[in-house]
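Me: I would like to get to know a structure that is new to me. Could you walk me through it with a few questions and answers?

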Amino acid sequence: MRQATKKLLASYLDSLCPILYINHSDFADVDAELTRLAEHDMRFIEFNNALGALNFEDKHQLQQWDLAEFLNAVMDEGFDEEHELVIILKDVHESMNDPKVVALLRRIAEMTLERDDYRAKVIIIASNVVIPSELENFITLMDVPLPDDEEIRDCIHSFAEDVAVDIGEKEFEELVFSLKGLSAFQIKQVLSLAYQGNGRLDASDRKFILSEKEQVIKKSGILEMMNFKETIDDIGGLDRLKSWLDRKAKIFSSLDKAIKFGVDVPSGILILGMPGCGKSLAAKATSTLFKVPLIRLDVGRLMGKYVGESEGNMRRALKLSETVSPCVLWIDEIEKAFAGIGGGYGEVATRLFGHFLTWMQEKESTVFIVATANDISKLPPEFLRKGRFDELFFVDLPTERERRKILEIHLRKRGKLNNRINLDTLSKKTKGFNGADLEGIVKDAIETAFIDGTETITTELLLKSFEEAKSISVIQKEKIEALRKDLKKYDIKPASSEARESTDDGRS
Ligand code: ATP
């Protein structure tokens, strides 16, 4: 635990705050600090889901109660002239929606605040945050940041001492770098697994550590580690966005040098715009360009139905992404985070937004954010202000030249580009089509050719597929118009330097 966190915990213990919610999965870490901070007039009593009531000091089971029974039984111990009762609840987030538990916690909090003859504090330590609305005003939420370099060094030192293993200076620093983003508990576990493998701790363990980190990501259920092949060359058009990413890639690939030189670490971009025009493709290409893994955050899965659940999930997801840093964290359809509970930007959205921005500003890890959004009207205007992200890009429907390039990319990718295809004719005709529509035409023509037994793809064949296809500009006409109108209100850089053409489908 960092010094600043220890100080914060000490001040909470001293304060009048009746319920402290510590979002942390390393219970031993918190126990050690609480033991250190305990005053002689404090009486600790512990509850965990598996064993019920425990003796905090020696962890002996006292009684197999459920949480409501436990709170019921111990709450009157707050009427003690000599001691302040400190009730420690571990991993009880599942029970935080039980009305009985909520009522009992509220009763304890109210008595603490209102009565002079009652002294009790509740400390909840849980890996997930669930705060029922009835308790919101009584709870102070405390986040425990992941270990910094200094703490990681301490963990490695103490592990190396325990198992009596020598680690070279260079290997030591490499281990510090690879272990970034893991909790102190996870670091100990990973070190011990790596050591058991070959009785050493050296550079060969880096790969193992990365695979352990992937496990952590997979288990979370909110983040997904993406596997794909796309590179920047798979994107047709969007030249401004591509050259911006190219510049940042040069920084990302020699980060240490860049930081020493005084360059700011790239922090992230927001890509807004029309559906099917390459936003997701750009997220993938960023990861290949930066040569780091791509982690996708599913905003839909983040949104929970209980107060605090979405925030808790967001905290967990952001923290987890640090586990695999350096990485690209792709937040797809970020607008969904702001239209969750109750619609509009309610309290939850505001807090989610606040937490996200603070994290973005304070993160020490090299997590590069690529946030993508279709519906700009659902985003808080502050989000679109300069300075939040390194840059904001607007992806529009492709121009004639860009459509030509996109068709070429998809035909070449499938080995079907030949001189019987007139790309000029096709790109002229496909006004109002997005990248996904164009890919659809290519796929359809190839399928037809296969079924008909035709060897070569021709302009005619592609035109036939075009005639049967409907462009996004027709299918989502109103949505696109609304998006254009919303965009006019902000000063957002177009991702492409090409002059825009009217978006009407050539046929309509
Ligand atoms: P949505 O907002 O609907 O998620 P998106 O902008 O993220 O859309 P993508 O998923 O990147 O769109 O595009 C869908 C598919 O269309 C891509 O897999 C790609 O094959 C094709 N495509 C879209 N835009 C382009 C482009 N500029 N160049 C090449 N292919 C493209």
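Me: Thanks! To start with the whole chain, how many helices and strands does its secondary structure come to?
Reply: Keep in mind that this is a predicted model. The C-alpha trace of the chain spans about 90 × 55 × 45 Å along its principal axes. Its secondary structure comes to 20 helices and 14 strands.

Me: What percentage of the residues of the chain count as buried?
Reply: A residue counts as buried when its relative accessible area is under 20%. The accessible surface of the chain comes to about 24,700 Å², and carbon and sulfur atoms hold 49% of that surface. Among the 508 residues of the chain, the buried share is 51%.

Me: How far apart do the C-alpha centres of domain 1 and domain 2 lie?
Reply: The chain is divided into four stretches: domain 1 (3-143), domain 2 (149-220), domain 3 (226-395) and domain 4 (400-475). Taking domain 1 and domain 2, the distance between their C-alpha centres is 32 Å.

Me: Let's look at one residue. Is Glu46 buried or exposed?
Reply: Glu46 is found in strand S2, which covers residues 42-48. Leaving aside neighbours within four places in sequence, Glu46 is in contact with residues including Phe56, Phe70 and Ile88. Its relative accessibility is 2%, and the cut-off is under 20%, so Glu46 counts as buried.

Me: Which side chain makes a polar contact of 2.6 Å with the side chain of Glu46?
Reply: Two lysines come up here. The side chain of Lys90 makes a polar contact with the side chain of Glu46 at 2.9 Å. The polar contact at 2.6 Å is made by the side chain of Lys59.

Me: And how far apart in space are Leu104 and Glu69, C-alpha to C-alpha?
Reply: Leu104 has its place in helix H4 (residues 99-114), and with a relative accessible area of 12% this leucine is buried. Not counting residues up to four places away in sequence, Leu104 touches Ala68, Leu71, Asn72 and Met75. Glu69 is 35 residues away from Leu104 in sequence, and their C-alpha distance is 9.8 Å.

Me: Now the ligand. Which domains each give at least three residues to the shell around it?
Reply: There are 17 residues around the ligand, and Gly236, Gly276, Lys279, Ser280 and Glu439 come nearest. Helix H11 (279-290), helix H15 (400-413) and helix H17 (435-452) each supply at least two residues of the shell. By domain, at least three residues of the shell come from each of domain 3 (226-395) and domain 4 (400-475).

Notes: Residues are numbered from 1 along each chain as its sequence is written. This is a predicted model: local features need pLDDT of at least 70, side-chain atom pairs count only at pLDDT 80 or more; totals for chains, interfaces and linings use all residues. Side-chain values use heavy atoms; hydrogens and water are left out. Helices (H or I, at least four residues) and strands (E, at least two) are DSSP runs, numbered from the N terminus. Buried means under 20% relative accessible area, exposed over 50%, partly exposed in between (1.4 Å probe, protein chains only). A polar contact is a pair of N or O atoms within 3.5 Å; within protein, one must be able to donate a hydrogen and the other to accept it, and residues adjacent in sequence count only if both atoms are side-chain atoms. Contact means heavy atoms within 4.5 Å. A residue is near a molecule or strand if one of its heavy atoms lies within 4 Å of it. Domain bounds come from an automatic or database domain assignment. Accessible areas come from the Shrake-Rupley method with a 1.4 Å probe; for residues, only the protein chains shown count as cover.
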